[in-house]
Amino acid sequence: YEMTSVTGVQTCALPICAQLMAAVRRLCGEGDRYFLSRYQVASGLRLQMLLYFNVYVAVMYAIMHPLIFQWKATTWPPRIIVAVCQPMFFYVWLVMEPIRLIVGHVGNLGERVAWLAPFWIVTLFPQLLTQVYFLMSTTITGWVTLPIEYVLHVTLLLLYVAQLFEGYHTGKRLIIKAAADYHLQPVVPDDAAEL
């Protein structure tokens, strides 16, 4: 802080103003968002809440979807493409959803990017695409779609989109924390390692 002035007041005022502004930013919550110490929690609360509610929605969906499909198939006979593809897509969803939720919980709460990345990928494909298929297939094939089906599919679709968004930001925050932890580790000199 080299400032040329007639008095020494301006030289001392700059660090005091900077410290005052830093204190105001801390009070307002505008800290350095790229620095996380190793003791700060970097897991996403919103992502965890979405995963928590997704468990209940997925259980309800896993029970309701086959029952609705069976009732619709006995009432209005489906085309062969619907009769083959809908159960196949449902079983893919049914197998992948518990895996996706477990990987998401472990990755978020354990602050592990290596587990959060597969969660994000499985959310995108096949889970998000199965819900898009369920929303679009009955409209394209001309089979009957009940309002409860729209509610179930749109609810899961919105949950998946929100989880993609939150999972991306949580993963980014975890990577920043891992980089900060790496830079906070003490450096061991080469001579000390040989002893």
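Figure 1. Lys177 is buried, with a relative accessible area of 8%; buried means under 20%, exposed means over 50%, and partly exposed is in between, using a 1.4 Å probe and protein chains only. This is a predicted model, where local features need pLDDT of at least 70 and side-chain atom pairs count only at pLDDT 80 or more, while totals for chains, interfaces and linings use all residues. Residues are numbered from 1 along each chain as its sequence is written, and side-chain values use heavy atoms, with hydrogens and water left out. The side chain of Lys177 joins that of Glu111 in a salt bridge, at 2.7 Å from N to O. For a salt bridge, a side-chain nitrogen of Lys or Arg has to be within 4 Å of a carboxyl oxygen of Asp or Glu. This pair ties together distant parts of the chain: Lys177 sits in helix α5 and Glu111 in the loop between α3 and α4, 66 residues apart. Helices here are DSSP runs (H or I, at least four residues), numbered from the N terminus. Glu111 counts as partly exposed, at 24% relative accessibility.

Figure 2. Searching the whole structure turns up four salt bridges. In one of them, Arg46 meets Glu166 at 3.5 Å, N to O. Arg46 belongs to helix α2 and Glu166 to helix α5, 120 residues apart. So what about cover? Arg46 is exposed at 57% relative accessibility, whereas Glu166 is buried at 12%. Now look at Arg100 and Glu97, whose side chains meet at 3.0 Å, N to O. These two are about one helical turn apart, because they are three residues apart in helix α3. Both Arg100 and Glu97 are buried.

**Figure 3. Inside the largest nonpolar core.** A nonpolar core is a set of buried Ala, Val, Leu, Ile, Met, Phe, Trp, Tyr and Cys residues joined through side-chain atoms within 4.5 Å. The largest one has 17 residues, and Tyr61, Phe90, Trp93, Leu128, Leu156, Leu159 and Tyr160 have the most contacts inside it. Helices α2, α3 (80-109), α4 (113-141) and α5 (147-184) each give two or more residues to this core. The largest share, six residues, comes from α5. Zoom in on Trp93: leaving aside neighbours within four places in sequence, its contacts include Ala58, Tyr61, Gln127, Leu156 and Tyr160. Contact here means heavy atoms within 4.5 Å.

**Figure 4. A nonpolar patch on the surface.** Which residues form the nonpolar patch? They are Leu45, Met49, Tyr52, Phe53, Val55, Tyr56, Val59, Ile63 and Leu67, with about 930 Å² of accessible area together. Accessible areas come from the Shrake-Rupley method with a 1.4 Å probe, and for residues only the protein chains shown count as cover. Patch residues have over 30% relative accessible area and no salt bridge; like charges are joined within 9 Å, and nonpolar side chains (Val, Leu, Ile, Met, Phe, Trp, Tyr) within 5 Å. Ile63 lies in helix α2, which covers residues 45-75.

**Figure 5. Thr141 in helix α4.** You'll find Thr141 in helix α4, and this residue is buried, with 17% relative accessible area. The Thr141 side chain reaches the backbone oxygen of Ser137 at 2.8 Å. Setting aside neighbours within four places in sequence, Thr141 is in contact with Arg79, Ile81 and Val82.

Definitions and conventions. A polar contact is a pair of N or O atoms within 3.5 Å; within protein, one must be able to donate a hydrogen and the other to accept it, and residues adjacent in sequence count only if both atoms are side-chain atoms.
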